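Please read the following report alongside the sequence and the coordinates. It goes from the overall fold to the ligand surroundings and then to some backbone details.

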Amino acid sequence: MSFITDIKTFAALGSGVIGSGWVARALANGLDVVAWDPAPGAEQALRKRIANAWPALEKQGLKPGASQSRLRFVATIEECVRDADFIQESAPERLDLKLDLHGRISAAAKPNALIGSSTSGLLPSEFYESSTHPERCIVGHPFNPVYLLPLVEIVGGRNTSPQAIEAARQVYASLGMQPLHVRKEVPGFIADRLLEALWREALHLVNDGVATTGEIDDAIRFGAGLRWSFMGTFLTYTLAGGDAGMRHFMAQFGPALQLPWTYLPAPELTEELIDAVVDGTSEQRGERSIASLERYRDDCLLAVLDAVKTTKARHGLNFSD
Ligand SMILES: NC(=O)C1=CN([C@@H]2O[C@H](COP(=O)(O)OP(=O)(O)OC[C@H]3O[C@@H](n4cnc5c(N)ncnc54)[C@H](O)[C@@H]3O)[C@@H](O)[C@H]2O)C=CC1
Ligand SMILES: C[N+](C)(C)CC(=O)CC(=O)[O-]
């Protein structure tokens, strides 16, 4: 079976943080976008979020024909997906809800339109169980802000065809993304498995009174965070082994893995811990609104992306190398 890869119309179901990010990316790539979200006031909220993201997208460079006016907000799931060439679901992270929703989406969609889910870690074999033509159903897990961060993890379920994985790779690449095929269907995929481990340890550090939320963020942003934008943990640690490289690194720091540096199971989310995290992050935020923080983040990300791209080119590398 072949799937539509030359897409003109992008359907977005769910227009919260992630759905609106997909809409912004698709519009910036010159597509027509149809969106649906059941919440009252969702259309207005979506248009506001897109307007907030647009300056960053303009700075990055819009594709010909790109316009915020090419967004149409509709009243039903069926109207949203009926004529779509590609469908991306970004509804709340609940298995029962996604199972139901995908039953309706896939029944109304063109049989050769790919269907992607933004889920952060639910298994596609489970929530696509009652979908029509499940061979075209995949996970396309993005990263916030979806309109700027390139990574999208593609995960197939039990019934997904290899052709659909390849087609999804082409579609996401056409939207300027860096697809990563997660070959084994595991909860949390690759990136969230790593991010959740870090998040659990950060919560333990707050819970144990070791550090404030701001201090923990400093420990990331002035250190490993800077090098992570161009070199992952494995290559970074190869350099940490000096001229002898990774084998020496493993010999020297391997024993620390046996020490209780990390807790692994998450701490209990007591009211006290939640308050400490909420109060700490409010202090970090100060008077700044979420929208202004998003613009600040977008500006920094554009600068980092640009710097990484330019520096790689100086070393004869492409951005994806
Ligand atoms: N927030 C994040 O950092 C990331 C979230 N994701 C995933 O994206 C998906 C959406 O998450 P967020 O945008 O963060 O959530 P959100 O809470 O910001 O947005 C969810 C939206 O779905 C709408 N909604 C409620 N019931 C619905 C239904 N039956 N069908 C369609 N839409 C419905 C809500 O009105 C809301 O606008 C989840 O699967 C999540 O795991 C993926 C990557 C990052
Ligand atoms: C917190 N989260 C699990 C929803 C995060 C993601 O899925 C990816 C991201 O943007 O960090």
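The sections below describe the chain, its core, its ligand shells and a few individual residues.

## Basis of the model

This is a predicted model, in which local features need pLDDT of at least 70 and side-chain atom pairs count only at pLDDT 80 or more, while totals for chains, interfaces and linings use all residues. Residues are numbered from 1 along each chain as its sequence is written, and chains are lettered from A and ligands numbered from 1 in the order in which they are written.

## Overall fold

The protein chain comprises 12 helices and 8 strands, taken as DSSP runs numbered from the N terminus (helices H or I of at least four residues, strands E of at least two). Along the principal axes, the C-alpha trace spans about 55 × 45 × 40 Å.

Of the contacts with a separation of 6 or more, 69% are between residues 24 or more positions apart, a contact being a pair whose C-beta atoms, placed from the backbone, lie within 7 Å. Buried residues make up 29% of the chain, where buried stands for 20 or more other C-beta atoms within 10 Å of the residue's own, exposed for 12 or fewer, and partly exposed for anything in between, again with C-beta atoms placed from the backbone.

## Nonpolar core

The largest nonpolar core has 56 residues, and those with the most contacts inside it are Val23, Val33 and Leu114. Helix H1 gives the most to this core, with 7 residues. Such a core is a set of buried Ala, Val, Leu, Ile, Met, Phe, Trp, Tyr and Cys residues joined through C-beta atoms within 7 Å. Beyond four places in sequence, Val33 touches Phe10, Ala12, Val23, Ala26, Leu27, Arg70 and Leu71.

## Surroundings of the ligands

Ligand 1 has 23 residues around it, of which Gly14, Gly16, Ile18, Ala39 and Ser120 come nearest; a residue is near a molecule if its C-beta atom, placed from the backbone, lies within 6 Å of it. H1 gives the most to this shell, with 3 residues. By class the shell has 11 nonpolar, 10 polar and 2 charged residues, with Ala, Val, Leu, Ile, Met, Phe, Trp, Tyr, Cys and Pro counted as nonpolar, Asp, Glu, Lys and Arg as charged, and the others, Gly among them, as polar. Ligand 2 is surrounded by Ser120, Phe143, Asn144, Asp192 and Leu195.

Gly14 is found in the loop between strand E1 (9-13) and helix H1 (17-28), and it counts as buried because it has 25 C-beta neighbours inside 10 Å. Gly16 lies in the loop between E1 and H1 but is partly exposed, with 17 other C-beta atoms within 10 Å. An unreviewed UniProt entry lists Gly14, Ser15, Gly16, Val17, Ile18 and Gly19 under "binding site"; its positions are in the numbering used here, feature names are shortened, and annotations may be inferred rather than shown by experiment.

## Backbone details

Most residues other than glycine have a negative phi, and most peptide bonds are trans. Asn144 and Pro145 are joined by a cis peptide bond, with omega about 0 degrees. His133 has a positive phi near 50 degrees and counts as buried, with 20 C-beta neighbours inside 10 Å. Phe189 has a positive phi near 55 degrees and is found in the loop between strand E8 (178-182) and helix H7 (191-207).

Methods. Two residues are in contact if their C-beta atoms, placed from the backbone, lie within 7 Å.
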